[in-house]
Amino acid sequence: MSSTAIEIEDKKDLWGGGVSPMNVSYGKLMMWFFLLSDAFTFSALLITYGLIRFSHPAFDGAIDDFVFSQEYWPVPEVVFEAVPFLHGVHLPLIFVGLMTFVLILSSVTMVLAVEAGERMDRKGVEKWMLWTLLGGIAFLSCQAWEWSHFITGTDMGSKLLDGSIFHGANLTMNEYGPPNFAALFFFITGFHGFHVFSGVMLNFMVFFQAVTGKLERTGHYEMIEKVGLYWHFVDLVWVFVFTFFYLV
Amino acid sequence: MQQNTPIDVKPIDKDKVKMFLRVTLYLFVITVFEFAIAFTVPHEYKWVRIFIFVALTIVKAYYIMSEFMHLGHEKGALKMSILFPLLFVAFLLFILLFQADAIFQAVY
């Protein structure tokens, strides 16, 4: 016979049929399945990047001789080398590295919010959710700067195949390399950025519910765990985007 | 009334928090190491670089999924139902990289 205490502990995990398949609640399992489908979407986008990249010639000179050209795929560390307030200084991948750490740290504060929720510690949940929100907003701001820099382009610009000089990038033309390079940049980082934006919205929603005491009255902080899964997934995807778009 | 019932706040699980901080340290160190590889291994060793980057990314993904997303501590059936379908990703990667080479050969 199970004791009353255990029954209350497990109640939130029970499904309509009175059992708890795979020992997780319905909401958490469905969040996992949603994330699995989302993982397929991101995989397809990143693999498409690989397909298009490897169907273009690669730049095969020394990295110091690299110039932007439509003839070959650009080397990412030469494209992404700008940092705010340091115009003209060559700092390859520094800014995107900073963005990576911001997102990892906001994942850590999220996991601490989940831990506080498991202990019914309302103050802890509020504190860590606030840090997580700040991390998400900081990441989005960095990405906004990154996009505007990419769209505006460099001072020199580069020569397109028809001989004209072009600065920056849009969906059909860019100074950095083959047209698809910019299109993929907008599509992949944009789709990820929209996930971060949705994550910030969800984080704010559960933060609001924690602050107003709604989650405390429910008797558990499982909502934090479910939104937390989504937030960690956003971080997980960024780890892959960082590798395949910026490092490789 | 609900608000009269005292909320039983449990003490911080120190081991758990320590484990999170340890995972954070791993993720930090691996990312710094990736930067080091990006600027020390020359671009001529393209496939060596790609292999190291992909391997380290998978290590990072393992830590995020296993500890942050708690998947490492779930039931085996749940682990399998999430990880097994991801084999399709490997399959798509395999066929599309072959296709990329075919397009490259046809165009250039």
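The legends describe a predicted model, in which local features need pLDDT of at least 70, side-chain atom pairs count only at pLDDT 80 or more, and totals for chains, interfaces and linings use all residues. Residues are numbered from 1 along each chain as its sequence is written, while chains are lettered from A and ligands numbered from 1 in the order in which they are written.

**View 1. Packing of H5(A) against H6(A).** Helix H5 (residues 122-152) of chain A packs with H6(A) at an angle of about 155°, the axes being 9 Å apart. Helices are DSSP runs of H or I with at least four residues, numbered from the N terminus. Axes are lines fitted to C-alpha atoms over the stretch in contact, and angles run from 0 to 180 degrees between N-to-C directions. H5(A) and H6(A) are therefore roughly antiparallel to each other, the description for angles over 145 degrees. The contact of H5(A) with H6(A) has 17 nonpolar, seven polar and two charged residues. In this classification Ala, Val, Leu, Ile, Met, Phe, Trp, Tyr, Cys and Pro count as nonpolar, Asp, Glu, Lys and Arg as charged, and the others, Gly among them, as polar.

**View 2. Packing of H2(A) against H6(A).** The axes of helix H2 (residues 26-54) and helix H6 (residues 179-211) of chain A lie 10 Å apart, at an angle of about 165°. That makes H2(A) roughly antiparallel to H6(A). H2(A) passes H6(A) in a left-handed crossing. From H2(A), A:Leu45, A:Leu46, A:Tyr49 and A:Ile52 meet A:Asn180, A:Leu184, A:Phe187, A:Ile188 and A:Phe191 of H6(A); residues are in contact if their C-beta atoms, placed from the backbone, lie within 7 Å. By class, this contact holds eight nonpolar residues, one polar and no charged.

**View 3. The contact between chain A and chain B.** Chain B contributes 45 residues and chain A contributes 40 residues. Helix H1 (14-40), helix H2 (46-68), helix H3 (76-83) and helix H4 (87-107) of chain B each supply at least two residues of the side that touches chain A. H4(B) gives the largest share of that side, ten residues. The side of chain B that touches chain A comprises 30 nonpolar, six polar and nine charged residues.

View 4. Apart from neighbours within four places in sequence, A:Ser107 is in contact with A:Trp231, A:His232, A:Asp235 and B:Phe68. Not counting residues up to four places away in sequence, A:Asp121 touches A:Ala116 and B:Val9.

**View 5. Positive phi at A:Asn23 and B:His70.** Most residues other than glycine have a negative phi. Phi of A:Asn23 is near 60°, and this residue lies in the loop between helix H1 (4-11) and H2 of chain A. A:Asn23 is partly exposed, with 14 other C-beta atoms within 10 Å. Phi of B:His70 is near 70°, in the loop between H2 and H3 of chain B. B:His70 is partly exposed, with 17 other C-beta atoms within 10 Å.

Terms used: Two residues are in contact if their C-beta atoms, placed from the backbone, lie within 7 Å. Angles under 35 degrees count as roughly parallel, over 145 as roughly antiparallel, 65 to 115 as roughly perpendicular and the rest as oblique. A crossing is left-handed if the near helix is turned anticlockwise from the far one by less than a right angle, and right-handed if clockwise. A residue is buried if 20 or more other C-beta atoms lie within 10 Å of its own, exposed if 12 or fewer, and partly exposed in between; C-beta atoms are placed from the backbone.
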